[in-house]
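Here is a short walk through one model. Begin with its sheet, then turn to the ligand site and the nonpolar cores.

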Amino acid sequence: QIPTDNIASAIISASRNQAAKRDRNRQLLQDGTDRHFSGRSEDLLQRFHSRRSKSQEISNIANHVFDTTQHLLDRLLHCGCYKLPNSNSGSRDVSMLMIRGVCPLPTTYNCDPLSPYRTIDGSCNNLNNPEWGKSNVAQRRVIGPAYEPGTVGGPRVTGITGKPLPNPRTISNVVHINRNGFTTNLNITLHTFQMGQFLDHDVIRTPTETGADGATISCCQTLDRPECIPIRVPPGDPHFPDGTCMSVVRSAAANPGCTPGFRQQQNEITSYIDGSNVYGSTVDELNSLRNGEYMKTSLGNNLPSNLDTGCILNHPGEFCHHAGDTRVNTVPSLTSYHTLFLNEHNRIVNALKAVNPSWNAEKLFQEARKINIAQIQHIVYNGYLKSFLNKDVMATYNLASQRTGYSTSYDKTRDATISNDFGIAYRMGHTWIPSYIDLYSDLFTRQTGPEMGPFDLVQTYNNPHLIFLNGRTGSQGLQKWLTSDPCPSTDRVIEDSARNRLFEDSTGASFDLAALNINRGRDHGVPPYGEYRINCGLSPLTSSWDSLVDQNPTSAKLLSQVYDDPRDIDLFTGVLTEKWVNGSQVGPTLSCILGREFQKLKEGDAYWYERPAPQGFTSVISCTTVPSIDFTQWKSTTQTRGVDDLKINDNILDNID
Ligand code: HEM
Ligand SMILES: [Ca+2]
């Protein structure tokens, strides 16, 4: 038991620190170090992560608790009288003191157990634990965090042998660089890429810290700022000039129990696959998007406008789009996916209206939303996941949809709250990001002429121009492109469009997405790759490079060039260097991490579309599964479509044994 006066003085010291931090942030905004959005690449990254003031509120409270914990740790750890609990469910005594001084009272929920419709914020899906899977709660952890030893939330900087961990950009330059030209995977279309990101934006959005008055925090000018985790570019970089630095802000903190414990991160959106990227994750968001039974549109059945999103507008009459997820403008092909499911909602409303003329707007809206979400879930589990997971993985984790009848797999003990490790590992989809983007004709062919593409993907980040082309039918052209062209192969390579030029601005400043992923894993205290191998029942890594049994020799060699010890390999880099499991396009650790997360998102969802209640769809009598693709035919048609700038290559790099 920690002495009460120790706790009280720790809380007071932490309050002083927090107040000083707020004052300093105000000062940094005034002196121009931190700045409001002006289209710089660092502004775009900050906007990508967060727009909600609620997240900063949660983070301020959590930071206060962590600061208090760090004081206690510094004072008491050396005497052995206090050990940090592995999860944030520490001693109630401490928690009560915290609540008095710092933490808000817990929210109470009045759940309606008979409601046939999901709540918008995901609460009350699990009646015993109404906050599971809800928006604005902490992410879960499969394995306890791995922060720098002796800290409650300091990013790992020291490797297992005591030497500093390699710089994320160095790892990216050695392991994730494209040395072999653009290789595509003839087995899957670009829909896997775009559905993958769209799905990601339904289940996780981790906010970052914001400066005073929501300003972008500048992380390269000031040293040792607690909100910062910059990536300093090593000398002699192939793309970034010497002395440059990527300004990366830490993810906003969370502390679910408001008790001493390690730093956690938040999820701003609902974890459930519930179309929150279409409908929003708060009632206010929904209200801004909905018009009676319909979802609001703009001219040409496009998404409504959002004057506050902060994207790049170079043409008169164009605007950024507004949708249930704030990242909608990241790339136009993602925007087109949002547009697709928005129009699907409105199409279903019209169809329901025709057969149920007595239904009011609320009933029409909710029923259409329910059907739209069911379709999204069906596409994910009956099509999307099958495009890269093999039959065994689909079976092991009970992922495939039923052929007939209802599913009985709901398990109320499964917490569908998104996991922190999944948020890092599922970035494997960044391997699918192409280097170009295009609008295809109604015949699914490349079009020629002015403003006809292919376009450099980099020019389209956060820029909605393509949506407005051809009389505002850009979304349709993009969908036809996604249907026609092959996806970059699932491997360790991240195209330069994202690895060198992510969110490039007019000054040429940009980010490296692979380095960001590695850096973010350390920011979140996500343990290294080897820990997940053990957790997944795979062979452990040792100090010997021979223990890398799931990497082929080329990948193992590259890893050994940057890491001092295999046990230091970061999760993102580890999973993307694995050889594919037979019949799938991911390795064993990724199969395990993705398999169990998608199982949780299915079996932990009371409103899962195949369940008889509470929403009650009619039982399936017989369902046609997705037919397999005739690759021979598809390959030849692709090649006659003039995709001549692609190097079609089905001997996919190193992930094949
Ligand atoms: C052009 C396409 C894409 C762009 C520009 C993009 C960009 C980004 C950026 C900037 C981040 C945050 C990086 C950081 O600061 O930590 C991120 C996170 C993430 N991305 Fe992507 N991404 C794309 C496609 C995808 C795809 C295809 C997938 C999956 C199939 C994916 C999955 C994720 C996940 C899971 C996260 C973490 C989300 C969170 O925790 O908030 N992304 N992406
Ligand atoms: Ca969701």
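**Sheet, ligand shell and cores**

Three strands form an open sheet in the order β1-β6-β5, with antiparallel pairing. Here β1 (137-138) and β5 (253-254) are the edge strands, each with a single partner strand, so one side of each has no neighbour in the sheet. Strand β6 (residues 264-267) runs antiparallel to β5, and two bridges join them. A253 has Q265 in β6 as its bridge partner. Strands (E, at least two residues) and helices (H or I, at least four) are DSSP runs, numbered from the N terminus. Two strands pair if DSSP finds at least two bridges between them.

This is a predicted model: local features need pLDDT of at least 70, side-chain atom pairs count only at pLDDT 80 or more, and totals for chains, interfaces and linings use all residues. Residues are numbered from 1 along each chain as its sequence is written, while chains are lettered from A and ligands numbered from 1 in the order written.

Now the ligand. Around ligand 1 stand 22 residues (C-beta atom, placed from the backbone, within 6 Å of it). The closest are G196, Q197, T206, G429 and R520. Helices α2 (41-49), α6 (190-203) and α16 (513-523) each give at least two shell residues. The largest share, four residues, comes from α6.

Last, the cores. A nonpolar core is a set of buried Ala, Val, Leu, Ile, Met, Phe, Trp, Tyr and Cys residues joined through C-beta atoms within 7 Å; buried means 20 or more other C-beta atoms within 10 Å of the residue's own. The largest core has 102 residues, of which L385, A425, L571, V575 and L594 touch the most other members. A second, separate core of 19 residues includes A14, A62, L72 and A138.

Key
Buried ≥ 20, exposed ≤ 12 C-beta atoms within 10 Å, placed from the backbone.
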